[in-house]
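Subject: Structure handover

Hello,

Here is the structure for your files. Please look it over before reading the notes below it.

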Amino acid sequence: MAERLLVVEGVSKRFGGLTALEGVSFTMREGERLGLIGPNGAGKTTLFNCITGVYRPDRGRIVFRGTDITGWPPHRITRIGIARTFQIVRPLAKMTVLDNVAVGALLHTSDVDEARRKALEVLELVGLYEKRHVPAQSLTLIEKKRLEVARALATEPRLLLLDEIAAGLRPAEVDRLLDMLFEVNRRGVSMIMVEHVMRAVMNFAERIIVLQYGRKIAEGKPEEVARDPRVIDAYLGTEE
Ligand SMILES: Nc1ncnc2c1ncn2[C@@H]1O[C@H](COP(=O)(O)OP(=O)(O)OP(=O)(O)O)[C@@H](O)[C@H]1O
């Protein structure tokens, strides 16, 4: 059996009287592409924030490659191999594309030239090598999304969390972005994709987890989840 990359066990998180996550459990194997979906407010971002150390779960455990990382601070979690992209892309606007990525690579080295070399490798992989010398603010939206992935990859993650990476892109752009992500995955990076663009997550993920009101209501292959009555109800029963 493939090694377990991530184990999320009974994770709960409350904000005052609001239960954002309630006993969420799932496991992920090394190399897997997992989708995380659910209506607005279902708890997807909160789960990402628990995994990346932004929030400490009130209950439950998060184990990454055999190490219990529950409650670790974000920088330590990045260092052990978990990176994320953000829904709102906010590169350092005036800095070049190359230096935006090199900042991430400085996690593992204090040598700026080495960080730049690593950044160039990553830029090649995400298809932004030609743009390496332009300021980040001059990139188009899809290029900024590629940059966001590059910045995360520069920290050399084993697990990459993608937060609504397809939002705002045209269908053809989504396809190109997915091609790039498949290539990153082939090179050994596992991924969890939080996504409202169903076509993207259904095409990308091997397995999908569905949250509603902080609870896991379904889990399975994309085609199974898509015809699950609980999932259909969850989406029809909420105003999007
Ligand atoms: N820092 C916070 N303080 C108070 N409530 C919060 C906080 N973060 C999230 N919540 C609440 O927790 C619930 C889950 O929110 P979360 O952002 O995780 O959902 P989501 O599934 O990511 O939604 P969306 O698809 O709209 O991004 C929501 O009701 C939200 O208002």
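This is a predicted model: local features need pLDDT of at least 70, side-chain atom pairs count only at pLDDT 80 or more; totals for chains, interfaces and linings use all residues.

Residues are numbered from 1 along each chain as its sequence is written, and side-chain values use heavy atoms, with hydrogens and water left out.

Ligand site

The ligand is surrounded by 14 residues, where a residue is near a molecule or strand if one of its heavy atoms lies within 4 Å of it. Gly41, Lys44, Thr45, Thr46 and His196 are the closest. By class, this shell holds six nonpolar, six polar and two charged residues; Ala, Val, Leu, Ile, Met, Phe, Trp, Tyr, Cys and Pro count as nonpolar, Asp, Glu, Lys and Arg as charged, and the others, Gly among them, as polar.

- Asn40: an N or O atom of the side chain is 2.9 Å from an oxygen atom of the ligand.
- Gly43: a polar backbone atom is 2.9 Å from an oxygen atom of the ligand.
- Tyr55: a polar side-chain atom is 3.0 Å from a nitrogen atom of the ligand.

The ligand taken alone exposes 630 Å², and the protein buries 64% of that; accessible areas come from the Shrake-Rupley method with a 1.4 Å probe, and for residues only the protein chains shown count as cover. The elements giving two or more residues to the shell are β2 (18-29) and α1 (44-51), and α1 gives the most, with three residues. Helices (H or I, at least four residues) and strands (E, at least two) are DSSP runs, numbered from the N terminus.

β7 (residues 159-163) and β8 (residues 190-194) are parallel partners over five bridges, and Leu160 stands opposite Met191 in β8. Contact means heavy atoms within 4.5 Å. Axes are lines fitted to C-alpha atoms, for helices over the stretch in contact, and angles run from 0 to 180 degrees between N-to-C directions.

Four-stranded sheet

Another open sheet has four strands in the order β2-β1-β4-β5, with antiparallel pairing. Here β2 and β5 (67-68) are the edge strands, each with a single partner, so one side of each is left without a neighbour in the sheet. Helix α1 packs on this sheet, touching β1, β2 and β4, and its direction makes about 115° with that of β1.

β1 (residues 4-15) and β2 pair over eight bridges. Phe15 stands opposite Leu18 in β2, and Val11 has Val24 as its bridge partner. Their hairpin has two residues between the strands, and Gly16 takes a positive phi near 60° there. Val8 has Phe26 in β2 as a bridge partner and also stands opposite Ile62 in β4. Five bridges join β1 to β4 (residues 59-64).

Helix pair

Helices α3 (residues 97-105) and α5 (residues 141-153) pack at about 30°, with axes 7 Å apart. Val97, Asn100, Val101 and Gly104 in α3 meet Leu147, Ala150 and Arg151 in α5. That contact has four nonpolar, two polar and one charged residues.

Regards

How values were computed
A polar contact is a pair of N or O atoms within 3.5 Å; within protein, one must be able to donate a hydrogen and the other to accept it, and residues adjacent in sequence count only if both atoms are side-chain atoms. Two strands pair if DSSP finds at least two bridges between them.
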